[in-house]
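Here are a few exercises to work through with the model open beside you. Try each task before reading its solution.

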Amino acid sequence: MSQPVKRFIAGAVCPACSTMDTIRMFEVEGVPNRECVQCGYADTLDERGNSVPSELTTRVNVSKPKADKPTTQTVQFFPNPRLKKKPE
Ligand SMILES: [Zn+2]
């Protein structure tokens with residue numbers, strides 16, 4: 001029951017590789033998904049029918065887990081006491 005039924009869409013053109021009749025469609029929990037057997041492109045259709053590329057989103061999240069590491073966290077500031085102006 002959990003295996004989605006994938007069926008080819010006749011005449012459908014892949015938005016990624018522009019190949020016809022390579023798009024398969026299937027539903028996951030009632031959400032229509034598409035995938036291209038030619039280039040591996042995959043996307044999801046939201047309730048408005050808009051294409052939501054699922055593969056791109058996944059790649060972005062996985063490919064850079066620590067890309068936003070800050071570079072200023074180890075900078076330490078040692079004040080020079082000679083530069084301090086002490087009131088007499
Ligand atoms: Zn394709």
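**Exercise 1.** Work out how many helices and strands this predicted model contains, and in what pattern they follow along the sequence.

*Solution.* Start with the count: the protein has 1 helix and 5 strands. Next, read along the sequence, and the pattern comes out as β-β-β-β-β-α.

**Exercise 2.** Find the order of the strands in the sheet and say which strands are at its edges.

*Solution.* Strands of a sheet pair through backbone hydrogen bonds, either parallel or antiparallel. Here the pairing is antiparallel, and the open sheet has the order β1-β2-β3-β4-β5. Now look for strands that pair on one side only: these are β1 (7-8) and β5 (51-53), the edge strands.

**Exercise 3.** Which residues take a positive phi in the hairpins of β2 with β3 and β3 with β4?

*Solution.* Take the hairpin of β2 and β3 to begin with: 2 residues lie between the strands, and E29 has a positive phi near 55 degrees. Then go to the hairpin of β3 and β4, with 5 residues between the strands; in its turn, G40 has a positive phi of about 90 degrees.

Terms used:
Residues numbered from 1 in each chain as written. Predicted model: local features only at pLDDT ≥ 70, side-chain atom pairs only at ≥ 80, totals over all residues. Pairing = 2+ DSSP bridges. Helix = DSSP H or I, 4+ residues; strand = E, 2+ residues; numbered from the N terminus.
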